[in-house]
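Reader: I'd like to go through this one residue by residue. Can you walk me through it, starting with whatever term I need to follow along?

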Amino acid sequence: MKLSFRIKHHFFSAFREIFVHHHGSLEFRAKVFALLIAANDKPKVENYVLVKELATNIYKEDEDRANLLLLTTKELVSKVKRNNGLDLDLLVTTIQKELKIVPRYAKKIDLQDLQRFLTLSSDEDTLAYQTNIIEFLENLKAETLKN
């Protein structure tokens with residue numbers, strides 16, 4: 001990533017709500033990705049490569065927005081890993097609350113994309129945990145869209 005983008009990211013991180021169009025949608029996607037990645041004790045770089053690929057597919061013509069989704073996801077995973085005021089349970093609670101406030105975000109949970117993260121897990125316990133997370137998100141999406 002370009003140095004200019006990294007500088008913009010640090011600035012935007014502090015003022016994301018003001019400067020990033022539809023920041024809530026982007027952050028919601030980042031939370032969903034971070035939930036799966038952080039469930040792995042030792043996330044691989046390939047997880048972030050996959051996030052970048054998915055972000056590029058989502059934001060086809062906006063590379064900066066795709067990079068911002070990647071960096072926001074990394075930031076959230078880092079907070080969980082460092083026990084910096086965020087853990088997996090709080091991330092789940094936040095996702096649930098956001099879906100109650102903005103139900104259309106449920107459409108942003110792409111289960112096929114999330115399944116791709118499972119191929120990057122080598123530990124059976126992590127794989128089972130991530131599978132349970134995806135099932136939870138699938139049920140949460142279905143319930144939200146039903147209402």
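Predicted model: local features only at pLDDT ≥ 70, side-chain atom pairs only at ≥ 80, totals over all residues.

Reader: Good. Then is Asp41 buried or exposed?

Author: Asp41 sits in the loop between α3 (23–38) and α4 (45–58). Its relative accessibility comes to 66%.

Reader: Which residues gather with Asp41 in a patch on the surface?

Author: The patch is one of negative charge. Besides Asp41, its members are Asp123, Glu124 and Asp125.

Reader: Let's step back for a second. How many helices and strands are there in the protein?

Author: Going from the N terminus, the elements run α-α-α-α-α-α-α-α. That gives 0 strands, and the helices number 8.

Reader: And what share of the residues counts as buried?

Author: The protein has 147 residues. Buried here means under 20% relative accessible area. The share that counts as buried is 44%.

Reader: On to aromatics. Why is the pair of Phe28 and Tyr105 called tilted?

Author: A search of the whole structure turns up 2 aromatic pairs. In the pair of Phe28 and Tyr105, the ring centres are 5.2 Å apart and the planes meet at 35 degrees. Planes under 30 degrees apart would be stacked and those over 60 edge-to-face, so at 35 degrees this pair is tilted.

Reader: How many residues apart are Phe28 and Tyr105?

Author: Phe28 belongs to helix α3, while Tyr105 is in the loop between α6 (88–101) and α7 (111–118). Phe28 is buried at 0% relative accessible area, and Tyr105 counts as buried too, at 10%. The pair links distant parts of the chain, with a separation of 77 residues.

Reader: What about Phe33 and Phe117: what angle lies between the planes?

Author: These two form a tilted aromatic pair, 5.8 Å from centre to centre. Phe33 is in helix α3 and Phe117 in helix α7, 84 residues apart. Phe33 counts as buried at 5% relative accessibility, and Phe117 is buried at 0%. The angle between the planes of Phe33 and Phe117 is 45 degrees.

Reader: Now the charges. Which residue forms a salt bridge with Lys31?

Author: The structure holds 2 salt bridges, and in this one the closest N and O atoms are 2.3 Å apart. Lys31 lies in helix α3 and its partner in helix α6, so the bridge ties together parts that are 67 residues apart in sequence.

Reader: Last one: how far apart in space are Leu36 and Tyr129, C-alpha to C-alpha?

Author: Leu36 lies in helix α3 and counts as buried at 0% relative accessibility. In sequence, Leu36 and Tyr129 are 93 residues apart. In space, C-alpha to C-alpha, the separation is 8.8 Å.

Key:
Residues numbered from 1 in each chain as written. Heavy atoms only, no water. Patch = residues over 30% accessible without salt bridge, like charges linked within 9 Å, V, L, I, M, F, W, Y side chains within 5 Å. Areas by Shrake-Rupley, 256 points an atom, 1.4 Å probe, with all protein chains shown as cover. Salt bridge = Lys/Arg side-chain N within 4 Å of Asp/Glu carboxyl O. Lys, Arg positive; Asp, Glu negative; His and termini not counted. Charge placed at Lys NZ, Arg CZ, Asp CG, Glu CD. Helix = DSSP H or I, 4+ residues; strand = E, 2+ residues; numbered from the N terminus. Buried < 20%, exposed > 50% of the residue type's maximum accessible area, 1.4 Å probe, protein only. Phe/Tyr/Trp six-rings, centres within 6.5 Å; stacked < 30°, edge-to-face > 60°.
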